[in-house]
Amino acid sequence: MNTTVRPCAEPGDVPSTAPSDHLTITPSVLYFGTPVVLLSTENEDGSFNLAPMSSAWALGQAIVLGLGAEGQTAHNLRDRPELVINMPAPPQWQAVERLAPLTGRSPVPVNKRDRFRFERDKFVAADLRPTPSELVRPPRVADCPLQLEARATRVQPDVSGGFLIVEAQVLRVHADPRIVVPGSQHIDPARWSPLIYNFRHYFGLGPELGHSFRSQTPH
């Protein structure tokens, strides 16, 4: 009898041939591998809020953010458009998770009262260090390898009315020198790994698979 030993599949492996059928499913969320960011914004009384979110993407020098419409961050950005988009590294996922059940809104919005609690000082609660920004009032998170000072230029509801879509113009980028290609303005993709939110689980990047023909960094 002729038998063939097949190697065990590794996480992330894609079958060499596509299956003939796909399942039709209705996921509760569509966080299909998006970066985690920590947004620092200014509260009405001049203090600062820090909140995690995982719906962010970049287009040139603009960052588009998706926020819950009732959260403190959304409340702040409607009236005070300055913010910092702080990007944690994978080992900092526990600091992000310490922030996850907290809200800066008081009283806590009705739709959050079953799982969230009010916290005034989010930096202390997450054990993260604030550091002054250069062009905006909210502080940066000193512990994050990438920090983007920005200003919200458009804040509008999504089609459901439950979220806000925020377009923010990046004004200044601060990068840990260890993730910058020496002598250049480029982030080294071999040294920088964003924290990824993948269907409500935290991941980092795996080994490099290849590069775009438009890449300007060494391979």
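Two strands pair if DSSP finds at least two bridges between them, and strands (E, at least two residues), like helices (H or I, at least four), are DSSP runs numbered from the N terminus. The views below come from a predicted model, in which local features need pLDDT of at least 70, side-chain atom pairs count only at pLDDT 80 or more, and totals for chains, interfaces and linings use all residues. Residues are numbered from 1 along each chain as its sequence is written, and side-chain values use heavy atoms, with hydrogens and water left out.

**View 1. Strands E13 and E14 sit in an open, three-stranded sheet.** Here E13 (residues 196-198) runs antiparallel to E14, joined by three bridges. Look for Ile196 opposite Phe203 of E14. The strand order is E1-E13-E14, with E1 (32-35) and E14 (201-203) as the edge strands, each pairing on one side only.

**View 2. E11 pairs with both E6 and E12.** Six bridges link E6 and E11 in an antiparallel arrangement, while E11 and E12, also antiparallel, share eleven. To find your way, spot Asn86 facing Gln147 of E11, then Ala150 facing Val170 of E12. The E11-E12 hairpin has five residues between its strands, and Gly161 there takes a positive phi near 85°.

**View 3. Asn86 is a buried residue of E6.** Its relative accessible area is 0%, where buried means under 20%, exposed over 50% and partly exposed in between (1.4 Å probe, protein chains only). Asp143, 57 residues away in sequence, is 9.1 Å from Asn86, C-alpha to C-alpha.

**View 4. The largest nonpolar core holds 21 residues.** Such a core is a set of buried Ala, Val, Leu, Ile, Met, Phe, Trp, Tyr and Cys residues joined through side-chain atoms within 4.5 Å. Val37, Leu39, Met53, Leu65, Leu83 and Ile85 have the most contacts inside this core. Strands giving two or more residues include E2 (37-42), E5 (62-68) and E12 (163-175), and E11 gives the most, with four. Leaving aside neighbours within four places in sequence, Leu65 is in contact with Leu39, Met53 and Leu83, among others. Another core, of 14 residues, lies apart and has Val36, Leu38, Leu50 and Leu99 among its members.

Definitions and conventions: Contact means heavy atoms within 4.5 Å.
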